[in-house]
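Open the model in your viewer and keep the sequence panel beside it. The tour goes from the whole chain to single side chains.

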Amino acid sequence: MDSLPELTESSNSENTGITDSSTTNNTLVAASSSSAASAPSSRYENQKRRDWNTFGQYLMNHRPPLSLSRCSGAHVLEFLRYLDQFGKTKVHTPICPFYGLPNPPAPCPCPLRQAWGSLDALIGRLRAAFEENGGQPEVNPFGARAVRLYLREVRDLQSKARGVSYEKKKRKRSRQQFPPGQLPPPGASQ
C-alpha cells in the first residue's frame with residue numbers, strides 16, 4: 001500500500017463516524033514532524049508516520065472519540081474494514097464464475113478490497129509505531145489475537161478467490177549426506 005487515503009472524506013461516514021477534522025490532522029502532523037525533522041527519514045519511516053497519523057485521526061473522528069489507551073483489537077478491525085472501501089484488489093465471491101481464477105477473462109461485479117499484503121504491511125508499521133510512541137508491547141492493539149486471525153482469514157479468502165496461494169517460504173537448510181539406509185543421529189538438523 002503506497003499511501004492510505006485521507007479519512008476526512010468518506011462516502012460511508014454515517015457508519016464509521018468520520019467527519020472533517022483538518023485541525024486535528026494538522027496538530028498530529030505538526031507534533032510528529034517536529035521529532036522527525038532532525039534526520040532524513042526513509043520511505044518506510046515516512047509511511048509509518050503517515051499511517052500512524054491516519055489512525056490517530058480515525059480514533060479522534062470515531063464516535064465517541066477514542067483515546068489510544070482505550071483502543072482495542074476490535075477498533076483496529078473496524079479501521080481495517082473501513083479501509084476496504086478504498087481497496088483496489090478484486091476479490092471474487094464464491095458465486096462469481098471467475099472465483100479461483102487468477103486472471104479473469106471479463107469484468108465482474110465483485111467488490112474491490114484492500115489486498116492482504118497491504119493490510120499485513122500496514123499492521124506491521126502501526127504495531128511498530130505504537131511502541132515507538134510509548135505504547136507497551138503487552139497492550140499493543142495491533143498485535144491482538146483478533147487482528148492476527150482477521151489477517152489470516154483475509155489471506156485465505158483472497159487466495160481462494162483469486163486462485164493465488166500464499167505459501168510460507170521455507171528456509172533452505174544445508175543437507176548433510178548420509179550413506180543410503182543410515183538415518184541421521186537424533187537431534188541432528190536436516
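Helices (H or I, at least four residues) and strands (E, at least two) are DSSP runs, numbered from the N terminus. By that rule, the protein has 6 helices and 2 strands. This is a predicted model, in which local features need pLDDT of at least 70, side-chain atom pairs count only at pLDDT 80 or more, and totals for chains, interfaces and linings use all residues. Residues are numbered from 1 along each chain as its sequence is written, and side-chain values use heavy atoms, with hydrogens and water left out.

**The whole chain**

Colour by secondary structure. From the N terminus on, the order is α-α-α-α-β-β-α-α. Now show the surface. The protein exposes about 12500 Å² (Shrake-Rupley method, 1.4 Å probe; for residues, only the protein chains shown count as cover). Carbon and sulfur atoms supply 52% of that area. Buried residues make up 34% of the 190 residues. Here buried means under 20% relative accessible area, exposed over 50%, and partly exposed in between (1.4 Å probe, protein chains only).

**Helix α4 and helix α6**

Select residues 73-83, helix α4. How many of the residues of α4 are buried? The count is 8 of 11, so α4 is mostly covered. The buried ones are G73, H75, V76, L77, F79, L80, Y82 and L83.

Axes are lines fitted to C-alpha atoms, for helices over the stretch in contact, and angles run from 0 to 180 degrees between N-to-C directions. Angles under 35 degrees count as roughly parallel, over 145 as roughly antiparallel, 65 to 115 as roughly perpendicular and the rest as oblique.

Show side chains where the two helices meet. On α4, pick G73, V76, L77, L80 and R81; on α6, pick A146, V147 and Y150. Contact means heavy atoms within 4.5 Å. By class, this contact has 6 nonpolar, 1 polar and 1 charged residues. Ala, Val, Leu, Ile, Met, Phe, Trp, Tyr, Cys and Pro count as nonpolar, Asp, Glu, Lys and Arg as charged, and the others, Gly among them, as polar.

**H62**

Go to the loop between α3 (43-61) and α4, and select H62. Its relative accessibility is 9%, so H62 counts as buried. The side chain of H62 makes a polar contact with the side chain of E78 at 2.9 Å. A polar contact is a pair of N or O atoms within 3.5 Å; within protein, one must be able to donate a hydrogen and the other to accept it, and residues adjacent in sequence count only if both atoms are side-chain atoms.

**Helix α3 and helix α5**

Select α3 with residues 116-132, helix α5. Their axes come within 9 Å and cross at roughly 80°. That makes α3 roughly perpendicular to α5. Among the contact residues are W52 and F55 of α3 and L122 and F130 of α5. The contact divides into 8 nonpolar, 2 polar and 5 charged residues.

Zoom in on K48 in α3. Is K48 buried or exposed? At 3% relative accessibility, K48 counts as buried. Beyond its neighbours within four places in sequence, K48 is in contact with R125, A128, A129 and E132.

**G143**

Last stop: G143, in the loop between α5 and α6. G143 counts as buried, at 14% relative accessibility. Leaving aside neighbours within four places in sequence, G143 is in contact with R127 and R148. G143 and R127 are 16 residues apart in sequence and 6.6 Å apart in space, C-alpha to C-alpha.
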